[in-house]
Amino acid sequence: MRLVLVTREGCHLCEQALALLRGLGHEPELADVDADDRLHDLYDWRVPVVLVDDRVVVEGTVDRAALEKALSGR
């Protein structure tokens with residue numbers, strides 16, 4: 001499973017999503033939405049965005065229940 005968190009510097013929601021992922025035992029790859037034109041075009045106002053195998057599973061305000069559901073494959 002490839003787990004990516006699309007984030008941006010200074011984003012408190014992104015920091016919360018990262019903390020939740022780590023709390024669930026996952027260390028995602030971090031992708032800065034402002035450092036990549038393609039990511040910026042796709043996700044600019046949607047961060048944080050959690051991708052599993054290149055598929056958006058959670059975005060915006062991320063909560064633990066949504067992450068657990070997305071990461072369990074349900």
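The questions and answers below concern this predicted model.

Reader: In which order do the helices and strands of the protein chain run from the N terminus on?

Author: The protein chain contains three helices and four strands. Read from the N terminus on, these elements follow the order β-α-β-α-β-β-α.

Reader: How many bridges join strand S3 to strand S4?

Author: Strand S3 covers residues 49-52, and strand S4 covers residues 55-59.

Reader: Which residue in the turn between S3 and S4 has a positive phi?

Author: S3 and S4 form a hairpin, with two residues between the strands. In this turn, a positive phi of about 50° belongs to Asp 53.

Reader: What radius of gyration does the protein chain have, and why does it agree with a compact globule?

Author: The C-alpha trace spans about 30 × 25 × 20 Å along its principal axes. For 74 residues, a compact globule would have a radius of gyration near 11 Å. The protein chain agrees with this because its own value is 11 Å.

Reader: What share of the contacts with a separation of 6 or more joins residues 24 or more positions apart?

Author: A contact here requires heavy atoms within 4.5 Å. Among the contacts of the protein chain with a separation of 6 or more, the share from residues 24 or more positions apart is 60%.

Reader: How far apart are the mean positions of the positive and negative charges?

Author: The protein chain carries 9 positive and 15 negative charges. The distance between their mean positions is 8 Å.

How values were computed
Residues numbered from 1 in each chain as written. Predicted model: local features only at pLDDT ≥ 70, side-chain atom pairs only at ≥ 80, totals over all residues. Heavy atoms only, no water. Pairing = 2+ DSSP bridges. Rg over C-alpha atoms; globule rule 2.2 N^0.38 Å. Lys, Arg positive; Asp, Glu negative; His and termini not counted. Charge placed at Lys NZ, Arg CZ, Asp CG, Glu CD.
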